[in-house]
Amino acid sequence: MNRNVAVVGAGSMGTAMAVLLSKNGNNVSLWSPMKDEINMLKANREHVTRLPGVKVPDSVEFTTDIEHAVKNAEVVVLAVPSQTTRQNCKTLAGLISKDTVVVTCSKGIEDVSCKLLSEIMQEELPNNNIAVLSGPSHAEEIGRDIPTTVVAASENLEIAKFLQDLFMTANFRVYTNTDVIGVELGGALKNIIALCAGISDGLGFGDNTKAALMTRGIAEISRLGVAMGGNADTFSGLTGVGDLIVTCTSMHSRNRRAGILIGQGKSVQEALDEVNMVVEGVATTKPAYELARKLGVSMPITSEAYSILFEGKDPRYAVGDLMTRDKKTEM
């Protein structure tokens with residue numbers, strides 16, 4: 001059955017989601033608050049700066065009118081920077097019905113409150129079914145119909161199955177999970193590790209270093225996830241190890257690219273300016289660091305990332321401090 005879907009946010013992921021959902025037979029509206037962006041999409045049927053080469057089907061409607069975009073929407077897909085999730089949900093609260101399913105593709109933790117995006121969505125949209133779509137899924141590859149596998153997570157399994165049917169295609173495989181906390185934290189925290197993997201590359205280190213960062217990175221992600229109520233098994237799946245691998249190794253990863261620039265000696269702001277896209281790992285590092293301190297969870301890589309990003313620590317000293325910590329057993 002065709003569904004009415006509104007995609008909120010017309011960046012690379014929002015555009016890729018609109019393409020995917022439209023090709024899957026749904027009626028799709030793609031919203032952006034920026035008139036220049038919408039005019040560019042209308043003129044080219046392509047996001048020439050964020051997703052070049054990916055044509056948007058003629059059936060997708062572009063609009064700057066959020067009320068029009070979500071009118072009659074059965075599903076709203078949030079593809080916005082994580083730190084704008086609350087404000088976008090506040091806007092939606094007066095516009096959508098209680099029957100509308102709201103699913104986020106964003107990956108992050110709110111800076112001020114240290115809350116997960118699903119928690120924010122539930123606070124601002126208490127009458128709606130909330131879900132998360134996450135996994136190793138670069139927009140550049142989704143838009144080009146390259147085989148991709150993700151997870152639809154909701155505490156309500158029927159909602160997760162509904163989204164599985166909505167999104168799933170021959171080249172976009174969707175699994176379900178009811179562990180929203182685990183799925184969200186895997187997607188958010190891997191961006192921090194990817195930043196560090198990029199810094200490692202920028203410093204000229206090798207595969208050994210990156211493998212160590214990824215392996216010990218998933219260990220500390222799992223520790224925090226379990227402490228917050230997530231399922232340990234989730235972190236060995238697509239939204240844990242899977243998303244970590246793709247974000248730490250691909251040049252599509254803006255987190256890794258920003259890290260490379262920092263490792264090469266650029267300031268954090270210079271790196272962000274050069275990437276010129278939202279680098280979620282930077283904003284996520286601070287609340288992750290605060291959550292680890294609050295819960296008494298050991299997260300040495302995240303701690304060093306915090307020191308580099310917010311205290312100006314030299315990345316080489318951060319690596320030295322990681323390597324010379326007290327001796328430990330692995331498990």
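The points below concern a strand and a group of salt bridges in this structure.

1. The model is predicted, so local features need pLDDT of at least 70 and side-chain atom pairs count only at pLDDT 80 or more, while totals for chains, interfaces and linings use all residues. Residues are numbered from 1 along each chain as its sequence is written, and side-chain values use heavy atoms, with hydrogens and water left out.

2. Strand β2 (residues 27–31) is largely enclosed by the rest of the structure, because four of its five residues are buried (under 20% relative accessible area; exposed is over 50%, partly exposed in between; 1.4 Å probe, protein chains only). Strands here are DSSP runs of E of at least two residues, and helices are runs of H or I of at least four, numbered from the N terminus.

3. Strand β1 (residues 4–8) runs parallel to β2 and is joined to it by five bridges; strands pair if DSSP finds at least two bridges between them. Val 7 has Leu 30 of β2 as its bridge partner. On the other pairing, β2 and strand β5 (residues 61–63) are parallel and share three bridges, with Trp 31 partnered by Thr 63 in β5.

4. The structure holds 17 salt bridges (a side-chain nitrogen of Lys or Arg within 4 Å of a carboxyl oxygen of Asp or Glu). Arg 86 is buried, with a relative accessible area of 17%, and forms a salt bridge with Glu 124 at 2.7 Å between the closest N and O atoms. Glu 124 lies in helix α5 and Arg 86 in helix α4, so this pair ties together parts 38 residues apart in sequence.

5. Arg 86 also meets Glu 110 in a salt bridge (2.9 Å, N to O), and both residues are buried.
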